[in-house]
Amino acid sequence: MNDELKKQIDAKQGVAGFIKVTDNPVDGLSDQQKVALNRKANMLFNEGKYDMAERIFITTGYSDGLTRVGDVYAGKNEYMKALRLYLLAHNKRKSDPLIEKFSGLISLMLE
């Protein structure tokens with residue numbers, strides 16, 4: 001990965017905040033670059049390097065990859081991380097049940 005692309009990826013990561021980091025892939029990436037990066041991220045994912053794959057999927061805006069990494073986090077009971085990725089992927093089928101779960105928990109805490 002070239003230095004300029006690495007800088008763009010790092011800049012897009014930003015400060016994590018509560019849920020969302022970014023909703024837009026890096027501008028200026030050609031379709032060929034996105035395909036190459038997504039292939040690399042899929043290889044990293046298959047090697048169990050989920051954090052590295054996640055960073056690339058966020059950069060390219062690849063929703064299927066974001067959902068798969070979110071599923072890994074959900075499987076590890078890391079629901080906030082999973083929710084963040086599901087929201088970035090615009091995957092309401094996966095995010096809505098987690099939002100309901102968190103809403104119920106917060107309601108219980110407020111009672």
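The model is predicted, with local features needing pLDDT of at least 70 and side-chain atom pairs counting only at pLDDT 80 or more, while totals for chains, interfaces and linings use all residues. Residues are numbered from 1 along each chain as its sequence is written, and side-chain values use heavy atoms, leaving out hydrogens and water.

**View 1. Helix H6 spans residues 92-110.** Let us begin with H6, a helix of 19 residues that reaches 26 Å from its first C-alpha to its last, close to the 27 Å expected at 1.5 Å a residue. Helices here are DSSP runs of H or I with at least four residues, numbered from the N terminus, and the expected span is 1.5 Å times one less than the number of residues. At the start of H6, a side-chain oxygen of asparagine 91 comes to within 3.3 Å of the backbone nitrogen of arginine 93. This is a polar contact (a pair of N or O atoms within 3.5 Å; within protein, one must be able to donate a hydrogen and the other to accept it, and residues adjacent in sequence count only if both atoms are side-chain atoms).

**View 2. H6 has a buried face.** Ser95, Leu98 and Phe102 are the buried residues of H6. Seen down the axis of H6, these buried residues fall within an arc of 70°, so they line one face of the helix; the arc is that of the directions from the helix axis to the C-beta atoms. Buried means under 20% relative accessible area, exposed over 50%, and partly exposed in between (1.4 Å probe, protein chains only). The buried residues pack against helix H5 (79-88), with contact meaning heavy atoms within 4.5 Å. On the other side of H6, you will find Lys92, Arg93, Glu100 and Leu108 exposed.

**View 3. The largest nonpolar core has 22 residues.** A nonpolar core is a set of buried Ala, Val, Leu, Ile, Met, Phe, Trp, Tyr and Cys residues joined through side-chain atoms within 4.5 Å. Those with the most contacts inside this one are Ala53, Phe57, Leu66, Val69, Leu85 and Leu98. Helices H2 (31-46), H3 (50-60), H4 (63-75), H5 and H6 each supply at least two residues, and H5 gives the most, with five. Alanine 53 touches Ala41, Leu44 and Phe45, not counting residues up to four places away in sequence.

**View 4. A salt bridge joins aspartate 71 and lysine 94.** A salt bridge is a side-chain nitrogen of Lys or Arg within 4 Å of a carboxyl oxygen of Asp or Glu, and the whole structure holds six of them. In this pair, the closest N and O atoms are 2.9 Å apart. The bridge links distant parts of the chain, with aspartate 71 in H4 and lysine 94 in H6, 23 residues apart. Aspartate 71 is partly exposed at 31% relative accessible area, and lysine 94 is also partly exposed, at 22%.

**View 5. Aspartate 96 forms a salt bridge with lysine 92.** Here the closest N and O atoms are 3.7 Å apart. The two residues are four apart in H6, so about one helical turn separates them. Aspartate 96 is partly exposed at 30%, whereas lysine 92 is exposed at 55%.

**View 6. Glutamine 33 lies in helix H2.** A polar atom of the glutamine 33 side chain lies 2.8 Å from the backbone nitrogen of serine 30. Glutamine 33 is partly exposed, with a relative accessible area of 36%.
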